[in-house]
Amino acid sequence: MNEQKRVVGLGFPSISTNFGDFPIDIAAEIGCEAIKEFLKLHKEFDFKLILTEQDSKVLNVFELKWKEIKDDLEDFKFQTKKGNLLQLKSDLRIECRFIVVETTWRMKPGTNQLSKQIFDALGSKLHEELKRLYPKPGIVGEAYPVKVPKDSDLHKSEGIEQIIFVVSPNMNPSRPDPVSLEKAKELLKKTYDSILNAFWELTNGQEYRSITTIKDNVQEVSAFDILMKSASKPSSKISPESSRRTPSKVGSGGWNNVLLPYCQKPEMFPKSEVYYYDNEFVIIFDKYPKAKNHLLVIPRKQIDNIGELKKQNLELVRALKEKGQWVIEKMKQENPKLFFRMGFHAVPSLRQLHMHVISQDFISPSLKNKKHWNSFTTEFFIDVEEIERILEKQGEVKFNKAYYEDLLKSPLKCHLCDAKSIKFIPDLKKHLEEHWNES
Ligand SMILES: [Zn+2]
Ligand SMILES: [Zn+2]
């Protein structure tokens with residue numbers, strides 16, 4: 001298969017070190033960590049992230065840092081290249097459909113070398129489009145993607161489809177809005193996250209779907225990745241005027257609808273997937289269990305998510321709870337040591353309302369990262385009783401998305417004790433085993 005076609009590339013400079021006076025070693029650390037987190041979360045996807053700079057010193061610092069932290073990530077996924085971002089294809093035969101360019105809050109053309117080159121290549125077109133899509137001043141740390149005109153050389157010869165403009169933090173006192181190192185660190189992390197989020201959303205917009213491996217990998221996309229996709233946070237957003245399609249609008253056959261077939265034809269699935277069904281409910285094993293026992297109780301009637309629930313659905317919620325309790329009893333007969341929680345993720349994940357029934361050991365190879373962990377052990381996980389209470393009181397369930405998504409980034413914390421020094425997932429796994437053996 002043609003590698004060039006399958007892999008989706010993002011080219012970007014070292015953010016804030018060229019014009020912003022940000023110290024390179026710290027920038028490399030923040031950049032590499034953000035990239036690692038992103039690539040680990042989306043392991044199934046063949047993304048290649050290409051850091052491109054003219055200065056080999058900068059590239060070296062990034063390379064060393066990356067080697068130190070990359071773990072088992074494949075080499076092609078993050079590369080450093082000496083060259084010009086706007087000529088990656090003609091000079092180095094590397095195609096990146098998305099390119100990152102730094103700008104200031106004014107988002108004016110020509111504020112740096114790259115921005116000047118774009119202006120030279122396209123005239124004022126791109127910046128006019130930028131202004132049209134995002135009429136307000138840019139915010140430091142946020143990303144603003146703009147489509148490159150199809151008839152331009154940048155698109156035709158270099159294969160660049162979108163420029164993701166970012167307002168990067170600045171520490172240089174002779175440039176606008178300088179900030180302290182402490183503040184700049186925080187903003188640099190935010191900038192990388194916004195870039196990667198924008199990239200993620202763009203590559204999953206329908207018009208890009210055919211060029212990624214998503215289609216081939218439907219079965220391998222973890223439910224959580226899909227959750228993260230539909231939940232990607234609004235801080236990197238992109239004004240509503242943007243004509244870009246958002247992932248939530250993926251059509252009824254889209255791959256965030258993996259639960260629907262279970263509701264429509266539960267009889268078609270093997271016992272290893274469908275645990276139980278009747279006319280109203282189907283109970284399936286979570287495809288990527290995050291604990292010894294992890295099932296989903298799903299109403300067969302189509303309801304997208306908890307946000308659609310009204311007071312009149314209280315009965316349905318109580319029925320879900322009852323089914324959940326029934327499953328828990330069954331599971332406990334097999335293994336009396338287990339104890340359970342049942343509830344929902346605050347930010348709707350897969351389409352079709354589903355209640356997680358999950359044992360609290362969290363011993364499972366599919367529990368792979370901080371977001372997995374935090375989605376079941378922080379307030380992000382809302383017990384079914386809580387949903388009942390909210391519906392009784394307020395008649396609907398509305399959550400502040402940004403607040404809950406931030407919870408997913410919380411430091412790792414044991415859900416059973418006050419153990420300190422659980423910094424990484426392997427530490428956590430060991431710790432969880434200890435709890436299990438003691439119980
Ligand atoms: Zn879920
Ligand atoms: Zn503990």
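Me: Which residues have the most contacts inside the largest nonpolar core?

Reply: In soluble globular proteins, nonpolar side chains tend to be buried together. A nonpolar core is here a set of buried Ala, Val, Leu, Ile, Met, Phe, Trp, Tyr and Cys residues joined through side-chain atoms within 4.5 Å; buried means under 20% relative accessible area, exposed over 50%, and partly exposed in between (1.4 Å probe, protein chains only). In this predicted model, the largest such core has 48 residues, and those with the most contacts inside it are Leu309, Phe344, Leu353, Met355, Phe362 and Ile387. Helix α12 (residues 314-334) gives the most to this core, with seven residues; helices (H or I, at least four residues) and strands (E, at least two) are DSSP runs, numbered from the N terminus. Apart from this core lies another, of 38 residues, with Leu39, Leu73, Ala143 and Ile195 among them.

Me: What conventions apply to the numbering and the values?

Reply: Residues are numbered from 1 along each chain as its sequence is written, while chains are lettered from A and ligands numbered from 1 in the order in which they are written. Local features need pLDDT of at least 70, side-chain atom pairs count only at pLDDT 80 or more, and totals for chains, interfaces and linings use all residues; side-chain values use heavy atoms, with hydrogens and water left out.

Me: Which residues coordinate the zinc ion (ligand 2)?

Reply: Donors are N, O and S atoms within 2.8 Å of the metal (3.2 Å for Na, K and Ca); water is not among the atoms, so sites may look incomplete. The zinc ion (ligand 2) is held by Cys414 (SG), Cys417 (SG), His431 (NE2) and His435 (NE2), at 2.0 to 2.2 Å. Along the chain, these donors follow the spacing C-x2-C-x13-H-x3-H.

Me: Why is the arrangement around the zinc ion (ligand 2) tetrahedral?

Reply: Four donors count as tetrahedral if all angles lie between 85 and 135 degrees. The angles at the zinc ion (ligand 2) are 99 to 120 degrees, which makes the arrangement tetrahedral.

Me: Is cysteine 414 buried or exposed?

Reply: Cysteine 414 is buried, with a relative accessible area of 4%, whereas cysteine 417 is partly exposed, at 26%.

Me: How many residues of helix α13 are buried?

Reply: Six of the eight residues in α13 (residues 370-377) are buried, namely Lys371, His372, Trp373, Asn374, Ser375 and Phe376.

Key
Four donors count as tetrahedral if all angles lie between 85 and 135 degrees; four count as square planar and six as octahedral if opposite donors are over 155 degrees apart and all others between 65 and 115; anything else is irregular.
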